Amino acid sequence: MSSELDRRRLLGLACAGLGTCLLRRGAAAEPVVGATVPGDEIPAREASWYRSLGERRVECQLCPRACQVADAETGGCGVRENRRGVYHTLVWGAACAVHVDPIEKKPFFHVLPGQRALSYATAGCNVECKFCQNWEISQFRAEQVKAVYLPPEALAKAARQAGAPLLSATYSEPVVFWEYVRDAAVAGRRLGVRSTVVSNGYIQEKPLREVLPLLTAVKVDLKAFREKFYRDLVRGELGPVLKALEIIRGAGVWLEIVVLLIPTLNDSEAEVRDLARWVAGTLGHEVPVHFTRFHPTYRLTNLPATPVATLDRAWAIARAEGLQFAYVGNVPGHAGEKTVCPGCGEVLIERVGFRVLSNRLRDGTCPSCGRAVPGVWA
Amino acid sequence: MSEPLSRRELLAVVGAGVVGAMSAGATPVPGRRGTVGVARLGGAADGAGPSIEVARQAIGSALAAATGEASGTGAARRLFAANDTVGIKLNCLGGPRMSPRPVLVEALAALLGEAGIPPERIVVFDRSSRELGRAGFAIRRSGGPFLCFGIDNDFDREPSSHGAIGSCFARLVSTTCTALVSFGVVKDHDLAGVSAGLKNWYGVIHNPNKYHDSNCDPYVADVVSHPFVRGKLRLTVLDGGVAQCHGGPAYRPDATWPLGMVAVATDPVAIDAWAWKVIDEERARRGLPRLAEARRAPRFIATAARYGLGVGDPAAVKEVPA
């Protein structure tokens, strides 16, 4: 369903809006906008969130790992580097994946249904999920991945010209390219393009709060509801993710949650119930939660795909716990793809996969009972 | 105190043996566990290095001392088969002042040549061609006394899990080379404690940044005990002309001193334990806390020893002068 922008088209999109062709920015060594180059040929920029520890050492203040990084070393994400005591992001403007996707693919089910999002990513990630679907970009360092040089203005213009009202930072982990996300959101606003983020939510409070006002919606992958899972399979922590969810919700930015159910690892009835109860009780009944199907990949190839019955059970538990918008994903045609009015039970939005078949919402309300349905509808 | 091998470790040992046996023509690796051969060799902080003859003599005699063979060439003949493809992994992260000196690498290649390895089957490599070039190495994929180029992005397409790591290995290591040499330096490392021979192997996986927790332990040992490395690793050489006791892995001139040695061992753990001792002694001379007191003891050395890779107790390592 996604359409990858080929290099030529991307170059055209990027240049046309700038009013000049093959614009070079700053130093002669800087790559041409829209050019595909090895990641390490894109100029590094000083990172926004870190502090000096003396002796040319720094502490990253972007994600809860808080890496302490010596001179000439990179942080755990592989895309931030200490250069003589100054911490740099190596991926600002270094888009290694650019596609125009349906917004349902993120998935956002309550954000401009049927619209498209210009979706972008850079190399790197701050965790290492053994089941990562995009490990070929997320688990590699900046210099190991080819990138298209797309500064924020070019990204926003490309979205406009592709007819996408949304930008979406996704695929790998936007936290590790947070400065790029921030600047793209600012550039997008100038052109009427809104920004969304698809993240693991493993981020410190300060950078999260600084960028949230620029965002329209955030989707967080809540990978499990047990610390052990996060420790053993993610190399991260659950606690900071839950805190980030509360901050996002509290900031009034639209939030949706995805839970990838993996057979035997995070799919127990008790864990799903705990998770649903926490979301309903802490974040609110109206936060959409998508239970999605796992397929074996990366370092977790010894488990089968999630049985549909497991997803059915999780879907039922979530609704029983009071979640008004529980969904099932990666099972095209499943009844759990529909948005149903929590007031009268009317089917409001019908979908198959990432395609919207019908949308009966009227100004964000149910046409049958008039109940307002939360989301970003216009 | 040794611990019994887990099933995984046992499999790794068996796997390593299989890989080693597959290296056609290789004779049992000589050398002595826990032994490090050292030869005097001046530093090059002033830019003036030894001649190729002096370097060749130093490496050869240190190798002879490490293995108990009569000569370096004789030892090399026992370590490497004429049909081996030998990969020499350098550590050039520290730039021109804290990397193995080209003249020493040329000397080792010459020694291998004397042992019957043709130039086109000696591959000097590091993480990137850019780092090699910065350290003074000419990049070449054909011709010359040895080939020399970076891994750059030439990794296996699928990750391989071993112990706590899951990584794509450089194809040079997994596929091309039948024998490996670690050629590092003697320096401090901010997280691992010591960066010498073992830590150098972080440069052959695609994601070393994921394995810096817990002073890189057990990750360094897990990389080296992976059959791709363990089954092929024959030799470790350290250019200790100038060593660094603090502030690594980047080059920091105020923390360097002229150690004036080249060290060689077939025991990859013993030579790291030796480097640890040397660094700690210099730190003590300067009034710096020892690495353990600085909370970065290179614990991966003991883990590597526990895996059966060599002798990890610095007090048990025997330094044999050439």
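Predicted model: local features only at pLDDT ≥ 70, side-chain atom pairs only at ≥ 80, totals over all residues.
Which order do the three strands of the open sheet in chain A have? Residues are numbered from 1 along each chain as its sequence is written, while chains are lettered from A and ligands numbered from 1 in the order in which they are written.

**View 1. The open sheet of chain A.** The order is 2-12-9, with antiparallel pairing (strands are DSSP runs of E, at least two residues, numbered from the N terminus; two strands pair if DSSP finds at least two bridges between them). Strand 2 (36–38) and strand 9 (94–95) form the edges, each pairing on one side only.

**View 2. Strands 9 and 12 of chain A.** Strand 9 is joined by two bridges to the antiparallel strand 12 (residues 146–149). A:Ala94 stands opposite A:Tyr149 of strand 12.

**View 3. The contact between chains A and B.** Chain A contributes 17 residues and chain B 14 residues (residues are in contact if their C-beta atoms, placed from the backbone, lie within 7 Å). The chain B side has four nonpolar, eight polar and two charged residues (Ala, Val, Leu, Ile, Met, Phe, Trp, Tyr, Cys and Pro count as nonpolar, Asp, Glu, Lys and Arg as charged, and the others, Gly among them, as polar).

**View 4. The surroundings of B:Gln244.** B:Gln244 lies in strand 9 (residues 233–244) of chain B. This residue counts as buried because it has 27 C-beta neighbours inside 10 Å (buried requires 20 or more other C-beta atoms within 10 Å). Leaving aside residues up to four places away in sequence, B:Gln244 touches B:Met98, B:Lys187, B:Asp188, B:Arg252, B:Ala255 and B:Thr256. The C-alpha atoms of B:Gln244 and B:Leu259, 15 residues apart along the chain, are 9.0 Å apart.

Notes. Helix = DSSP H or I, 4+ residues; strand = E, 2+ residues; numbered from the N terminus. Contact = placed C-beta atoms within 7 Å. Buried ≥ 20, exposed ≤ 12 C-beta atoms within 10 Å, placed from the backbone.
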